[in-house]
Each structure stands twice: as C-alpha cells, then as structure tokens.
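Please walk me through this structure. I would like to know how its side chains meet and how the terms are defined.

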Amino acid sequence: MTDSKYFTTTKKGEIFELKAELNSDKKEKKKEAVKKVIASMTVGKDVSALFPDVVNCMQTDNLELKKLVYLYLMNYAKSQPDMAIMAVNTFVKDCEDPNPLIRALAVRTMGCIRVDKITEYLCEPLRKCLKDEDPYVRKTAAVCVAKLHDINAQLVEDQGFLDTLKDLISDSNPMVVANAVAALSEIAESHPSSNLLDLNPQSINKLLTALNECTEWGQIFILDCLANYTPKDDREAQSICERVTPRLSHANSAVVLSAVKVLMKFMEMLSKDLDYYGTLLKKLAPPLVTLLSAEPELQYVALRNINLIVQKRPEILKHEMKVFFVKYNDPIYVKLEKLDIMIRLASQANIAQVLAELKEYATEVDVDFVRKAVRAIGRCAIKVEQSAERCVSTLLDLIQTKVNYVVQEAIVVIKDIFRKYPNKYESVIATLCENLDSLDEPEARAAMIWIVGEYAERIDNADELLESFLEGFHDESTQVQLQLLTAIVKLFLKKPTETQELVQQVLSLATQDSDNPDLRDRGYIYWRLLSTDPVAAKEVVLAEKPLISEETDLIEPTLLDELICYIGTLASVYHKPPSAFVEGGRGVVHKSLPPRTASNESTESPETAPAGAPSGEQPDVIPTQGDLLGDLLNLDLGPPVSGPPLATSSVQMGAVDLLGGGLDSLIGGPNFVAPPAAAVPANLGATMGSGLSDLFDLTSGVGTLSGSYVAPKAVWLPAMKAKGLEISGTFTRQVGSISMDLQLTNKALQVMTDFAIQFNRNSFGLAPAAPLQVHAPLSPNQTVEISLPLNTVGSVMKMEPLNNLQVAVKNNIDVFYFSTLYPLHILFVEDGKMDRQMFLATWKDIPNENEAQFQIRDCPLNAEAVSSRLQSSNIFTVAKRNVEGQDMLYQSLKLTNGIWVLAELRIQPGNPSFTLSLKCRAPEVSQHVYQAYETILKN
Amino acid sequence: MIGGLFIYNHKGEVLISRVYRDDIGRNAVDAFRVNVIHARQQVRSPVTNIARTSFFHVKRSNIWLAAVTKQNVNAAMVFEFLYKMCDVMAAYFGKISEENIKNNFVLIYELLDEILDFGYPQNSETGALKTFITQQGIKSQTKEEQSQITSQVTGQIGWRREGIKYRRNELFLDVLESVNLLMSPQGQVLSAHVSGRVVMKSYLSGMPECKFGMNDKIVIEKQGKGTADETSKSGKQSIAIDDCTFHQCVRLSKFDSERSISFIPPDGEFELMRYRTTKDIILPFRVIPLVREVGRTKLEVKVVIKSNFKPSLLAQKIEVRIPTPLNTSGVQVICMKGKAKYKASENAIVWKIKRMAGMKESQISAEIELLPTNDKKKWARPPISMNFEVWQKRSLDPWRVC
C-alpha cells in the first residue's frame, strides 16, 4: 500500500466521507484521512470545509500527523480566521514543549498563519523563542520575525523584535547569525531609509567570521548582505576582499557568484596601481570559467552575469574566449548567451578563431541560433575593423547557401556594415539584389530597400526594383512602407528625370490611401519639401549620416553599474533593474557602486568630496527615446539597439515626466511664440537677441560686486550624443534673477530649428521662466548664445544628488535629454543676512547632529577678502570674532525655498586651509553649500 | 526569497505545491503549466517571467520542479537549491519519478517544511536531515538526543552526525576525469580541458579530521604566482590546475593560506572537490569518423579509434556511441574488435570493447539504411561520444593523504 492512492480522484460525497474519517477514534484512520485531505489540497481541490475537523486532529503526539495538520492550517487559516483561533492554544503549548524540534515547529508554523488575531498571540512565544537556549529554535525564531514583519510591520517595531534580531547577529551559532542577517536584510529592504542593518567595521568583522562557519546558504545570505556595505576607504575594502576571496573555491555556484559580486563592487574603491588590484583581477577569471561546468540552468545564470562583468571589466576574461565556444549538447539558452559573450570578447587577436566558429554555427539547425550567429558576424565586422573584409566575404558565402533565413539575416547586417564603412563594400550589392525575391521578413525587406535607395545611383535598375516592391504597398508592414517611401524619394532626388511618376505614386499611396499617421505625415513632409524647395530636400534627405558606433547593444553605463550591484540575482538575469519586475516598493532600492576613496585622506578633505565643482562635472547623457523625427531623415535604420534596457534606464533617470504630456505642450506651437511678459521680470535683455544682451553684459560688468560667481561654460550635451547639436552652458545669478546661459552649436550638416527646452521636476523647483528662443535657424557650424531666465516656482521633487537637473531639449531633429548639476549659490537670495541675535538663537536651536564640518584647502585670501567675495554671492557675514589668533566669521545665507544655512568659517592667518562648519535644519544641503563656498573662494 | 515550490508531472499535473509567501497565489501553479509545460515551442530559458512572477525550473526525467517568486531573489541560489532538493529526495527514496513522488508526498512536504523556511534555504545535508526526518514517525528521543540533533542541524558541521562507529575505518578516493574537447571539422583542437572530480567514500568513526596536502607538482593558476614561465624553469614536470572548488566541509580559508585541504568528511560518499585543467592535455584516444552519404537513403560510416597512451597501460570498458539519423531503418555493422549493436531506441550504434592496450588501433564500419523522408531539415550530425576507464596503480599521486 503506497501513498500515491491518495491522488486518485474519488467520487462525489468525498468531503462527507473524509469528515467521518477525520472524526474516527482510530489514530491510523485519522492519519490516513488527513493525508487524503492534503493530497486533495495539493491538486487544487477546495477542502476548506473540513477546517474544524482537521484542527481537531492537531492535539497529537504523532509528529508526522501534527506537521500535516499544520500544513493544512497554513493553507486555509486565512479563509477561516475565526476557526484558526482554535489552534492558538496548541501552538502556545507547543512553544513550551521540552523538545526543541517541536518548539521550533510551532513558532515556524505560527508565523505562516497570516491572521491578525493570531499574531497577537504569537508575540510572547516568539519573544521567548528568540532567547531560547537551543540554537535550532533561535534560528527559526529569527526568520519568524521577518514573517511577522511581513504581516504587521508596526507590531514588530512596537514589540522591539528588531533589536532582539540585531542582537542575534552576535550569536555564537553561525546559522542563527545567517538567518538573522537574512531576516534583517529583508526587513531593511522595505525600510530603505532606516539604518536597520547598521553595518560598521565591527559588525562586518562578525559577519566575516560567521562566513567561515555557516552552511552554504548562510554564506550566501551573509555575502549578499556584505555587498550592501560601503567600506570607508580602500584599505578596508581590500581587507574585506581578502577575506571573501577564499569563497571563490566553494562548490556552490551561488556562493561563488555572491562573492564575485562583493569583489566587483569593492574593487571599484581600489586604486588600479595597487598590486592587489591586479591579483584580484587574476583571481576572478578561473572561478567564472568554472561556473561554465555547472548544470545548464546555472550556466545560464552565470553567462548572463558574465555578460555584465565583461562589459564592466573586459580585462578579466579577455584571454578566455575559447571557453565560450558553443558545445553541441548545450541547451539553446546557453548557446545564445555564449554567442553574445563571444562577440563582446572579440578583438583583433582572436577574431580569426571567432569567425571560424561563427561560420560553423551559421550552418546549425536551430533557426534562432543561426540567425544570431549571422548577426554576430556582422557585429564582428563593425567591431574589429581589420576583420571587416573577411566578415563580408563570410556573409557572402552564407548568402550563397540560399537558406532563406540566413540570407535575410545577412542582408540586415550588411546594411549595418555599409553604415559603418561607407563606400567600401558596395561591390556586393549585385549579389544582394539577386536575392531580392526570397526576402519575406519585414526587417530584411526594409534593409534591402534602404540599400537600394541609398545606392540608387549605382544600381542601374533601382527604379524597377523599388517599383516591384510598390505593387503590394498596402500589405507591407509599416517598417517597410516607411523605408520604401524614403528610398523612392532618395531615388528621385538622385535621378529626377526618370522617376517622377514613381515618386508621385508613392506619395499618393502614403498620403491618401494609408491610415497610418506616421506614414502619412512623413509623406506630407516629403511632398512639401519637394514642392517648395528641392535643394533643401536634397540637403535633408541625402544628408551625410553619422557613423554607427562600434559596440552595439551595450547596456547603458548607469544601469550597468546598478546591475553589477545585483550580480547573481534575477535582476542580473533579466538585465533590468528590480523596479522593472518587482511589484511595490519592495527591494527596489536604487543601488550604485561606491565612489573611489583613498585611506590617506580624511573624508572631509575637498579631494575626496564626491561630485566636484559644477564646471568639472561630466554631464550624463540620457539615451534618446523615440526616434520619430530622426526617422524622417532616414536615420531609422540605425544599429540594432536592445529595447528594454533603454526604456528602463530612462525610467530610472526620472525622465518619464519629460516624456509624458510635457513634450506635447512643447511641440504645440502657438503658446510659446508669445511669451507672457510677466514671467520675465528683471532679465528682459537676456531673452532678446545678441545685440541687446551685449548691453546687458555691460551692466553686469559694472555690477560685478553684486553678481555672484559664474562658472565657465561646460559641455552638457556632446554633439555625438545629440545628432550634431552641442550644448554647453552655465548658471548665473544677477540682481536677484537666475538664468541659464546656453551656447548651442550646430555640428551637424543640416539646419536646426524649432528649439524648445523643458526641465524635469527638481529639488528646488527650477523651471524656465520663458521659452527658449532661438530666432534664426541654426545653420551648420553656427553657434548661438542664449540666456534663459529661470524661476523657482516649478514643481519640486527631491533629486539625487540634490542639485541634479534633468533637461530635455527639442529641435527639428529629435528630443535630447541630459542632466547637469547646478551650483547651489545661484539659489542664495539677496536678503540672506540674518540679524545677530537671531543668528545666535538659531545656531543654538539647530541640533548638533545637523552640524557638518568641511575643510577648504589652499585658499590664500584673508578674512576681509573672503568676506567680501562671499558677500557678492549672497553669503553674508553676520559677525566676526578673533579667537586665539584665528579669525572666526559667522555667516548666514538663505535659499530660494526659505531654508537658512548658518556657517562658521575659521581662518588662521598664514594657513591656507579654512575650517567651515555648517548648520542647517535640512542637513542634506550642507554638502552642496560647502561646494558653493569652494567654488566661490577658489575662482 | 522563494515564494513557492511546485512539482509537476510531464502532463503538467501538480504533485506537490508548497507556498511560502503570501504574494504567490494558486494561479501561479496554472500560469507555469500553461506558459512553460504546455508551451508550443521548446523552452528557451530556465527562468520565465509571467506577469511579474518569476519561475525557475529544472527537469529531472519527466518531472518538473519549479520555484516561484515575485522578488529580486538570488537566482543562482534558487537553482542550487533546486538541485539540492533533487539530491535530498533521491537520497530518501531513490529515483525522482512521478510514482516515487506520489508515494512519498507526505515526506516531501515534511522535507520542504524543514529545508525552506519562509523561502530561505536551511540546512539541507541529508546526513543531518535523516537524523530527525524519518519515515517512521517520531521516535521517542531522549533529551540528549534531541539537543544533539539540533546542535548538529545548526552547527558548524551540519553534514555529519556524531557517534558514528565503524569496526574497520576505511577511506576510498576516486578521481574521475572527463576530457572535454572541441575540434574543428578540419580536426584541429579548438579547446580542451579536463574536468576532474575527486569522489570520496569515507567510513570513519567519530569526528575524523582529514588533511590532504598537495605536493609541489601541483600549481594552481589562481595564485597568480605560478605562471607558466616559472614552472618550466623549475624543470620539474608540473601539473597546473586552473581552478578548483570544494565541498562545503573543506575549510576554504585554510586552503587559501596553507594550500592544505582540511575537513571533517560527511559519512559515506560525497564529492570532495572538482578541478579543471587546460595545460598539457594528452588525449588518451583519437576518434576518426568518416561519414559518406550514398544517395538519399544510405549512409556509410567508418570510425577508427586510436589509443594514444603508453603501451603498458590498459583501457577497459570502452564504449563508443555513434549517433544515427532519426529515419534509420536498418544497420549493418562490421567491427574488428569488441561487439557492436544498433540500438534503435537510442538512435545510436553502441560499440563496446572490453580492453585495449596503448598505442593500438581499431575500427568499425557500418551501413545505415534510411527511410526516405520529406523532412527538409538536415541531420544535425551529433557528436560521437566515448567512455572508458584507465586504472593506474599510483592512485594517490599527485594527492598525498596525511
């Protein structure tokens, strides 16, 4: 007799029968009945009606039966909360049982019963179990705190369980430590701000000791927790790394990957000149390679992670190309991932081998794999210039195979090769044209049409070819239609005489017979262009296209850094930040790599202060989103960019607001032609043309004393990231008004018009007070300077860092996004001088923990000069004292949003280092105020 | 962490379902069945995301094990856990099959309750589990026994229980090496590595402290010290190991600092370590296949094997598997040595040779009749595989047992 009989479906009236059996006097029969109930539950039958009868079986000394009843309880207690209370007594009694296994079982099960009423009864037994003499009970109780927190977080805090849990980190038993760490990490995730884990060198040391002693799973919990710690300097980072490296030899791949995560993260803090840095790099390669001998599912996880690691630190695996060669019996998911990594590792040194492999793969059986292999050959051509010729000839060989999908894939990549090496391989066009008829996939058709249009002048029968596509115009996908439209217009501009009829035909097809708005709009634009100014049309449509970049589908750097912090987890498998696939606020704390710091400098010193002077800061360029406008200019056939990472990265940058709604108002014309005059208070001149702003410059020249420091312009948006538009700029504050001085340079070959600007919500509500006005179109190589007045009445959202400003600039080509940091002193208002008494009172009133101290080094000025210079930037000296030969300046300033910052500046005559103490009710601004001091005093 | 764990049969019927977290509902069970088990095409990834719920699965024969979560869990850990789960089940009731799972479902639930708490893996060493999760129901344990169990389950040596006694203390070490070789169609070796496993069978009493030393012939690349130049300078024939990993009983920090493998072994058989080496691999055999397609319905296959090792050594139990196309209708085999047979169920010709000395050569030729098919997909020509054993007397070289 075996247990499988319980799975056999029984007839009607089963519940009734079970009820009778459950209430039987015979123990054996009871147990049989409970087993049947559990089996029914497993296959999804509703057996909740038996609740009271099953609970009645709970009081038994048979542990097996007890566990089955508990299993039932966990499943159904929620639907029968009142009945569940019946079980409480037994639980409470079991928590006192002399047998530790039963005590633990009771507390473990009780935590799984998610009924509010039960949780109240749970507190007392749990408190006892957390201090139980038996480690088995303690380790179970530790996890139970996390369970209870999940049901009722407030209760856990009120009952002080968190502190008990923290104490368990110092427990003598390693497994208790590991479970406490796991529970605390989980609770901390839902309270991102709380300093629950409170990692400090002492607790880290405890964890590292426990690491050597606990189970493989415990080691994973601890390593994952360690990865959240930021060591205070490189020395500490190194010593932790040294103690973590032995884990790389663990048989459990998850332990290895978690150790790799800690090392990859802390390595960020080590100087590259350090010997240890090199040793560490060398130590990382072998375990990563060993992961590839694990079971296929783990290989997959490892490969997804290696993909990230080679993007972050290509040097680690650069000599290991061969281990990524595909094996015959690899599952397809492993094969595809290996292929990806092979391309990333391809270099001039190994390209011959890689190509030989790829060629082999292109003859395999699995269609997806073959396609990817063909595409990979194209990517190699683009990446390693020296191999381009060989890649092209390989692709031609593949086209000769006439295998339909191989040919199509090859044509798609050859198009990219043309983009990368213009005028080099066009001789192959003839071969491509031979295969025109076999193309049935939109992407391949579109690629082929692009090639025909682009090289229309070299293809004698280009018009015939395109005409043949035109026949079934309405059955084509949008991609092909758009491409066909553009290609025929190109053809017309190149050979106007013979193709007039053709172009008429396609324009009418696109504008009159199509209900696709994109197609229609593009058709109209071409039509108007061609009818009003054919020369301009030629310049626009046949404009020289920028080269495509070498590395395709790289993960955007900030996302990559974030994903490195998630090595081993699902995020690293999906290549998406957790916020993209985790619901709610759980576990979506944004993680970032630690900044590099050195131990020989104190953290207060200016050199180590993160985010230097605003002018030196490299602006982040947010990748462009939609390519709608670029589309028009036939740039739509850019290299294949992987969709999801881009989309998610912009979400994380907070650019959503810019995209949603806001942009529409930008593009909508009339409301920004006539700016509301009231919005431009004192700074009228700035919005006028250059003539007037010259005048204004004069006045500001006179008033230098009252104007605050202006940083030199820095490049915010490089031309290569914005289709030829370069934007540099700085921020100024003059007589009470803030403005953003921009310099727009057109480095593209086409004229730019229709400029508009918008800011994302930011910490101080900075917003343009008037629209961006560029009066004349910006012709190639022209530069225009504009001063954009700003106000601080925009919507407010706290940014990280505080002074981060995300900007969208639109022109006729596209919308571009960038972010920049503004110096805080542009927000210091003119009435920031505080009265002495007030100053004293406020200084005392602000709690001491809000005080921040900084060092300003190498500033040769004396107290008077400092005072007057700061005053011109609206930092006012309230009082001055001389204490033991040191000059003490007491200063105040006020921000646009009414926050007061009080400062004490200590200057020792003859010593170029000043000490600055800042006190403010919003301590997060201190760091930025200090930077403002630095900037003002040093320039 | 893991929100739930389901086990299905090949039809997608759920055999075991255990939910640990509130965010996993009953519909998750069906979502996996519909989207993965019953999916039209072959599974393209062991991790599937369905409506913001992630499913990790592994398959053992025709049983599916799926772990479910809605959080950003440690993916490597989930898979390691699923493998471990399979090991534990196998240790309790043998092969993982539908029959065995149904027969032991109560036991499986009990195990799942113990080794996964709120989705966090707990001690999953069978040695320890077997002391208190038994199929005999509860034994009346004395207080000492109970505390011994709990201290073992949570303790530093969770893999071994105390008080083991053997009349004869014995220890066996097997070194199993597999040569992985990738060759181009032209016969050029693209990459080769040996992955070795050291399997230990320990029948020792008490809490034995074992220590293995490595002799100086072994150079571990990871150290960064033993570069190829240095080893060749030392003149000795060295064995370079690229990397090795150890069972969790081995004290890793000791290995890192002293190069010695010290541990208290679990009782019975376990895998002590794995290693990988890529240097100076001498292939013991060469297999030279020759496939000729005669028309559409006939295939001629000739395979030559050459043993490349010292003539004094002897390879035993050689088994060569030559895959055949799916539409094979009949096979005629002629071999000079050993026995060869076409196994239709495995789509392969299996050629067995009892023993073969070094530097010898043997061949097989076969004529394969094919059924004409409309299938345009060509035959993928899977690789020929080969198994054999070479016994060496110097069994403990290069490992020295202290």
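Predicted model: local features only at pLDDT ≥ 70, side-chain atom pairs only at ≥ 80, totals over all residues.

Residues are numbered from 1 along each chain as its sequence is written, chains are lettered from A and ligands numbered from 1 in the order in which they are written, and side-chain values use heavy atoms, with hydrogens and water left out.

A pair of aromatic rings is described by the distance of the centres and the angle of the planes. Rings of Phe, Tyr and Trp (its six-membered ring) pair if their centres lie within 6.5 Å; planes under 30 degrees apart are stacked, over 60 edge-to-face, and the rest tilted. The count by this rule is 30 aromatic pairs over all chains. One of them is edge-to-face, between Trp217(A) and Phe81(B), with 6.0 Å from centre to centre and 65° between the planes. Trp217(A) belongs to helix H13 of chain A and Phe81(B) to helix H2 of chain B, so this pair joins two chains. Helices (H or I, at least four residues) and strands (E, at least two) are DSSP runs, numbered from the N terminus. Both Trp217(A) and Phe81(B) are buried; buried means under 20% relative accessible area, exposed over 50%, and partly exposed in between (1.4 Å probe, protein chains only).

Within chain B, the ring centres of Phe32(B) and Trp64(B) are 6.1 Å apart with planes at 75°, so this pair is edge-to-face. Phe32(B) in helix H1 and Trp64(B) in strand E5 are 32 residues apart. Phe32(B) is buried at 0% relative accessibility, and Trp64(B) is buried at 7%.

Next come the charges. A salt bridge is a side-chain nitrogen of Lys or Arg within 4 Å of a carboxyl oxygen of Asp or Glu. The structure holds 59 salt bridges over all chains. In one of them, the closest N and O atoms of Lys312(A) and Asp561(A) are 2.7 Å apart. Lys312(A) is in helix H17 and Asp561(A) in helix H30, so the bridge ties together parts 249 residues apart in sequence. Lys312(A) is partly exposed at 22%, as is Asp561(A) at 24%.

Finally, UniProt, in an unreviewed entry, places "domain: Beta-adaptin appendage C-terminal subdomain" at residues 828-938 of chain A. The span is 30% helix and 34% strand.

Definitions and conventions
UniProt positions renumbered as here; feature names shortened; annotations may be inferred.
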